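Visitor: Please show me the structure, and then let us go through some questions about it.

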Amino acid sequence: MSQPTIESILQEHRLFHPSAEFSQKAQIKSLDEYHRLYEEANADPQAFWARLAETELHWFQKWDTVLDWQPPFAKWFVNGKLNISYNCLDRHLTTWRRNKAALIWEGEPGDSRTLTYAQLHREVCQFANALKHLGVQKGDRVGLYMPMIPEAAIAMLACARVGAAHTVVFGGFSAEALRDRLVDGQAKVVVTADGGWRKDAIVPLKEQVDKALADGSVPSVTHTLVVKRTGQETHMQGDRDHWWHDLQKQVSADCPAEPMGSEDLLFILYTSGSTGKPKGVVHTTGGYNLYSHITTKWIFDLQDTDVYWCTADVGWITGHSYIVYGPLSNGATTVMYEGAPRASNPGCFWDVIEKHGVNIFYTAPTAIRAFIKMGDEHPKARDLSSLRLLGTVGEPINPEAWIWYQQVIGGGRCPIVDTWWQTETGGIMITALPGAIPTKPGSATLPFPGILADVIDLEGNSVGVNEGGYLAVRHPWPGMMRTVYGDPDRFRRIYWEHIPPKEGQYLYFAGDGARRDEDGYFWVMGRVDDVINVAGHRLGTMEIESALVSHPAVAEAAVVGKPDELKGQDIVAFVTLEGTYSPSDALLKELKQHVVNEIGAIARPGEIRFAEALPKTRSGKIMRRLLRDLASGVEISSDTSTLEDRSVLEKLREG
Ligand code: WT7
């Protein structure tokens, strides 16, 4: 089992059609219907999105302009007013959904909770009032550093309700990483928990928050709001820290949703790029609400009685769009699970599916590969017959894993939607619509209606059928990121001027390599920049290098990805040491731990190689492609003639 190779994928010709029964009941029922929608959107994108905004969302005030496009800056539904928490909650309360399960939560040690729409609404209103009590106002930013518990979703919706932007920081990030993000977003309040379960251990989240805030290093933060989850002793600091269960008793459950402008900031989510620190991806209210809503509805084919489960963490965009906002805006039942696949509980996902009768299941290739390794006996021992649709996201899926997923988990009857998208895109961009588009293992298939995706060369020209190129989007869409928080220039440079605009035509550059086959199907090959994808987690090689060189022993570091059977890619770091240090196992361990402290466990290098020198060009640039080949143990494919000192290569080869 491994990453798909170009050869294996070029040989992949199997085509899987949805069953007639599935298609008949589906939101989008046929390829013809998909083509009609795609054509409708293509012919008049603004009319298409306006039609959906009108029929799918509740507006306090209608927009006057659908799209104001000043490349690369877009405004959607200009002057419209709405609130995404209203669309996710209030509007369902006057319907039969009032007492429908909104959120089914499965805790790691076996506890569980179900909140109906009425109950979730009440909790969100109380939480919103607690935030107000701590001084949070419309326009503020609130940091969330949470375990996978209902309060994570509640806090997000509460922020949206009062008009404060949330910036969720994945609970696996270190105190340092949390601090950087809080500083950049100038958060006023941090919402956290005493601790959270991660696999079989408790992560003391509040303690990490204390570290991040130590010595007034985040001056914007005035308060923390702490949810009791794990119950261990937790230090609370005077006026700064507040228990949620204390405030909950004091606040009212009445909190009308703040009318927000379509383009008011909804959230910031940090993600890695080629250079510099992680960037704050900005999403705004109206366009994001519409795009996450309609993609969830059509791609996951939501039906009224479905139980829908996305296994992501709310710390990532997948959790934002496809655990919280998309499903709730549609009035669906969304499952949230605190656990994670691990050897000590190899049946955990299948238990959740059986227990809650999950119908729609959305996970990552890295999880699928881990389960394949744990053995078929675990899923086979559970009743998975409730499943009717499967999804995958985060990295290319190798055809073997796709087929296993289809057969062993889906019992051969469930369509699979392989969904390509990014933090920046807000929602899914290239995917099958399960009742309409036949699938090919390893291909994300076709663009969502309204998405003008293309594969291009560096001049911006479409490449030919089956030729490799760069994934790009030719027209703005409602869910697109609006800017990099505090750095519009970086936004322009990275995404919209990477391909120099011609005659005012701006192209969104995704950073992925891709190919389009004779049926127009997209095959995404992976990143073409210095971003690596480890177990579906996106990391910039430069961030890890910065973490390494911040250790006193390290003179220089170069980080590359190498193919990994389970995780897709693994991190390999080449390190040269300062004069007084010499290589040792102890130092190796220390450096790995140092990266964990600086960024988080997801960035722990799988391998660190000590080197006397790094291969550089005469102009002093590290030759990463060469290091990638070395790390992967393959023949050096790049031109080594520009290498400044050839003996460096020989020494690296000798190890
Ligand atoms: C990168 C974005 C938003 C989803 C979670 C990751 C890779 C994502 C696929 C897919 C091949 C995929 C791309 C992309 N990716 N989905 N179905 N097939 N590659 O979001 O952390 O912003 O990462 O994930 O390389 O650029 P993210």
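Visitor: At what distance from an oxygen atom of the ligand does a polar side-chain atom of Arg538 lie?
Guide: The model is a predicted one. Arg538 is among the closest residues to the ligand. Between a polar atom of the Arg538 side chain and a ligand oxygen atom, the distance is 2.7 Å.

Visitor: How much of the accessible area that the ligand has on its own does the protein cover?
Guide: On its own, the ligand has 560 Å² of accessible area.

Visitor: What is the distance from an oxygen atom of the ligand to an N or O atom in the side chain of Asp512?
Guide: Thr423 and Asp512 are both listed among the closest residues. For Thr423, a polar side-chain atom is 2.6 Å from a ligand oxygen atom. For the side chain of Asp512, the N or O atom to ligand oxygen distance is 2.5 Å.

Visitor: How many residues of the shell around the ligand are charged?
Guide: The ligand is surrounded by 17 residues. Of the shell, 6 are nonpolar and 6 polar. The number of charged residues is 5.

Visitor: Which helix supplies at least two residues of the shell around the ligand?
Guide: Strand 20 (416–419) and strand 26 (522–527) each supply at least two shell residues. The helix that also does so is helix 12 (317–329).

Visitor: Is Glu56 buried or exposed?
Guide: Glu56 belongs to helix 4, residues 45–56. Beyond four places in sequence, Glu56 touches Arg91, Leu290, His293, Ile294 and Lys297. Its relative accessible area is 14%, and the cut-off is under 20%, so Glu56 is buried.

Definitions and conventions
Residues numbered from 1 in each chain as written. Predicted model: local features only at pLDDT ≥ 70, side-chain atom pairs only at ≥ 80, totals over all residues. Heavy atoms only, no water. Near = heavy atom within 4 Å. Polar contact = N/O pair within 3.5 Å; in protein donor to acceptor, adjacent residues only side chain to side chain. Areas by Shrake-Rupley, 256 points an atom, 1.4 Å probe, with all protein chains shown as cover. Helix = DSSP H or I, 4+ residues; strand = E, 2+ residues; numbered from the N terminus. Nonpolar A, V, L, I, M, F, W, Y, C, P; charged D, E, K, R; others polar. Buried < 20%, exposed > 50% of the residue type's maximum accessible area, 1.4 Å probe, protein only. Contact = heavy atoms within 4.5 Å.
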